[in-house]
Amino acid sequence: MRSEAEKGINVEWIMMVYQLPKSRTSAKKLAIWRKLNRLGVYSPQDSVFILPYSERTLEHFEWLGEEIVEMGGEVALWAVRSLKPFQDERIKEYFLEKVNEQYRSVMARVDEIDDLEQLRDQWALFGRIKTQDYLKSPLSSEVQRAIENKAAALSGKKEENE
């Protein structure tokens, strides 16, 4: 099943533009960068960051914006829609390919796993990837099924050995 984003339905974006005072330490800049990286933002230019618009992503940017303001910086948040369809497509591809690459990596590891502890680690990683799956990649459900099937197989194998 294709997500709305994959069907080409217009996606609205939330854009954050910020600037920290020049006197701020690089540690604070690094902390902001790490938080943006964890959110999986798209950055078309320095200090410009984009996420698909939702209440959740708006809240993420609002919280981060408050931290930047507390550091003496300035923040602007915008709900935007591209006027050029190819720009929307480029951003959608970025978000989908980013999570799909991680999903494919989990899928490959799940095939090689032979104990439940390793499978739990992959399940946790799958959960972290899903937090950045803003456009609901169809690969997510395939990975979930693969992990659940592997768990069932390993649980059956464990019961046979007991």
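Trainee: What share of the 162 residues in the protein is buried?
Mentor: Buried residues make up 34% of the 162 residues, where buried means under 20% relative accessible area, exposed means over 50% and partly exposed lies in between, with a 1.4 Å probe and protein chains only. This is a predicted model, in which local features need pLDDT of at least 70 and side-chain atom pairs count only at pLDDT 80 or more, while totals for chains, interfaces and linings use all residues. Residues are numbered from 1 along each chain as its sequence is written, and side-chain values use heavy atoms, with hydrogens and water left out.

Trainee: OK, and how many helices and strands are there?
Mentor: The protein has five helices and four strands, and from the N terminus on they run β-α-β-β-α-β-α-α-α. Helices (H or I, at least four residues) and strands (E, at least two) are DSSP runs, numbered from the N terminus.

Trainee: In what order do the strands sit in the sheet?
Mentor: The four strands form an open sheet in the order β2-β3-β1-β4, with antiparallel pairing; two strands pair if DSSP finds at least two bridges between them. The edge strands are β2 and β4 (74-80), each of which pairs on one side only. Direction ignored, neighbouring strands of this sheet are turned by 25 degrees against each other on average; the axes behind such angles are lines fitted to C-alpha atoms, for helices over the stretch in contact, and angles run from 0 to 180 degrees between N-to-C directions.

Trainee: Which helix packs on that sheet?
Mentor: Helix α2 (residues 55-70) does, touching β1, β3 and β4, and its direction makes about 10 degrees with that of β1. Contact here means heavy atoms within 4.5 Å. Across the protein, residues 24 or more positions apart account for 76% of the contacts with a separation of 6 or more.

Trainee: Back to the strands: how many bridges join β1 to β3, and how many join β1 to β4?
Mentor: Five bridges join β1 to β3, and seven join β1 to β4; both pairs run antiparallel. Val17 has a bridge partner on each side, with Val48 in β3 and Ala76 in β4.

Trainee: And why is β1 described as largely enclosed?
Mentor: Five of the seven residues of β1 are buried, so β1 is largely enclosed by the rest of the structure. For β3 the count is five of five buried residues, so that strand too is largely enclosed.

Trainee: Which residues of β3 cover each face?
Mentor: Val48, Ile50 and Pro52 lie on one side and Phe49 and Leu51 on the other, and all of them are buried. In a regular strand the side chains alternate between the two faces of the sheet.

Trainee: Which residues line the second largest pocket?
Mentor: The lining includes Trp13, Met15, Tyr42, Pro44, Val48, Ile50 and Arg90. The elements that give two or more residues to it are β1 (13-19), β2 (42-45), β3 (48-52) and α3 (85-112), with α3 giving the most, three residues. By class, the lining has eight nonpolar, two polar and two charged residues; Ala, Val, Leu, Ile, Met, Phe, Trp, Tyr, Cys and Pro count as nonpolar, Asp, Glu, Lys and Arg as charged, and the others, Gly among them, as polar.

Conventions: On a 1 Å grid over the protein atoms alone, a cavity is a set of points where a 1.4 Å probe fits but cannot get out, and a pocket is an open set with protein on both sides within 12 Å along at least five of seven lines; lining residues have an atom within 4 Å of a point.
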